[in-house]
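Below are my notes on the structure you sent, in numbered points. Please read them with the model open.

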Amino acid sequence: LVDGDQATPVEIKSGRTMSTSYFDHLNYWRRLANLPQDRGYVVYGGDQNLHTSSGELISWRQLDLIPY
């Protein structure tokens, strides 16, 4: 997502259970784009939201929690 000169990466996964590997590509992209480690979201098929040191894990049912 882009807002002016700020980019926020969003990764989308179909899995219903959380996996730390969900953040692997997001972490890679943030290093390339020189973004803070905690900026970004992973949307997944589960029902729970979780704050992690790698970013936010957001249920597909609560996409409105992602600011845009």
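1. Which residues form a nonpolar patch on the surface? They are Leu1, Val10, Ile12 and Tyr68, which together have about 500 Å² of accessible area. Patches are made of residues with over 30% relative accessible area and no salt bridge, like charges being joined within 9 Å and nonpolar side chains (Val, Leu, Ile, Met, Phe, Trp, Tyr) within 5 Å. Areas come from the Shrake-Rupley method with a 1.4 Å probe, and for residues only the protein chains shown count as cover.

2. On the source: this is a predicted model, in which local features need pLDDT of at least 70 and side-chain atom pairs count only at pLDDT 80 or more, while totals for chains, interfaces and linings use all residues. Residues are numbered from 1 along each chain as its sequence is written, and side-chain values use heavy atoms, with hydrogens and water left out.

3. Tyr68, one of the patch residues, lies in the segment after β6 (55-59). Helices (H or I, at least four residues) and strands (E, at least two) are DSSP runs, numbered from the N terminus. Tyr68 counts as exposed because its relative accessibility is 84%; exposed means over 50% relative accessible area, buried under 20%, and partly exposed in between (1.4 Å probe, protein chains only).

4. Helix α1 covers residues 24-33, and its buried residues are Leu26, Asn27 and Arg30. Seen down the axis of α1, these fall within an arc of 100°, so they line one face of the helix. The arc is that of the directions from the helix axis to the C-beta atoms. As background, an α-helix has 3.6 residues a turn, so residues three or four places apart point the same way. His25, Arg31 and Leu32 are exposed on the face of α1 turned away from its buried side.

5. What do the buried residues of α1 pack against? The partners are β3 (10-12), β4 (41-44) and β6, with contact meaning heavy atoms within 4.5 Å. Just after α1, Asn34 has a positive phi of about 55°.

6. The largest nonpolar core has six residues: Tyr22, Phe23, Leu26, Val42, Tyr44 and Leu57. Such a core is a set of buried Ala, Val, Leu, Ile, Met, Phe, Trp, Tyr and Cys residues joined through side-chain atoms within 4.5 Å. With neighbours within four places in sequence left aside, Leu57 is in contact with residues including Met18, Gln48, Asn49 and Leu50.

7. There are three salt bridges, each a side-chain nitrogen of Lys or Arg within 4 Å of a carboxyl oxygen of Asp or Glu. One joins Lys13 and Glu11 (3.0 Å, N to O). Lys13 is partly exposed at 22% relative accessible area, whereas Glu11 is buried at 17%.

8. Arg16, Asp47 and Arg61 are linked in a network of salt bridges. The side chains of Asp47 and Arg16 meet at 4.0 Å, N to O. Asp47 lies in the loop between β4 and β5 (50-52) and Arg16 in the loop between β3 and α1, so this pair ties together parts that are 31 residues apart in sequence. Between Asp47 and Arg61, the closest N and O atoms are 2.9 Å apart. That pair also links distant parts of the chain, with Arg61 in the segment after β6, 14 residues from Asp47. Arg61 is exposed, at 53% relative accessible area, and Asp47 is partly exposed, at 43%.
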